[in-house]
Amino acid sequence: MKTALIAGAIALTSTGAFAQDVAKPLTIDGDIAYSVEKKMFDVEVGPTTSLMGLTIAPRAHMTLDTDMDYNFTGVSTKATYGLSSNLDLYGKINASKNFKYEDITIGVAFSF
């Protein structure tokens, strides 16, 4: 019985510490860039969350020209796993505006 109480106490205290690292709040972020040659904005926006060391970021992609004509161009989802403080492993899947598979990219991102 004493062993069960100690194990339960350890589980409760470690669960609280672990829960802080398991999931992080959802944020909304994106990117807007203007192409001078195309005279068009490229926009991507979506939520980002972290779950058990994996950052997941689905995105909607669209363009906006100078006449304010909006065009939905597709979606993507990127999953990133931090290998160290300056090295990340990632995978990204892209789909067309009709949600048809286009490409998968796998890579390593680094910073020094």
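Me: How many bridges join strand β2 to strand β3?
Reply: Nine bridges join β2 (residues 40-51) to β3 (residues 54-65), and the two run antiparallel. This is a predicted model, where local features need pLDDT of at least 70, side-chain atom pairs count only at pLDDT 80 or more, and totals for chains, interfaces and linings use all residues. Residues are numbered from 1 along each chain as its sequence is written, and side-chain values use heavy atoms, with hydrogens and water left out.

Me: What counts as a strand, and as a pair?
Reply: Strands are DSSP runs of E, at least two residues, numbered from the N terminus. Two of them pair if DSSP finds at least two bridges between them.

Me: Okay, which residue in β3 is the bridge partner of Asp42?
Reply: That's Thr63. Phe41 stands opposite Leu64 in β3.

Me: And what about the turn between β2 and β3?
Reply: This hairpin has two residues between the strands, and Met52 takes a positive phi near 50°.

Me: Moving on, how do β3 and β4 pair?
Reply: In the antiparallel sense, over eleven bridges, with β4 covering residues 70-84. For example, Thr55 has Thr80 in β4 as its bridge partner. β3 and β4 also form a hairpin, with four residues between them, and Met68 in the turn has a positive phi of about 65°.

Me: What's the strand order in the whole sheet?
Reply: It's an open sheet of six strands, ordered β1-β2-β3-β4-β5-β6, with antiparallel pairing. The edge strands, β1 (27-35) and β6 (101-110), each pair on one side only.
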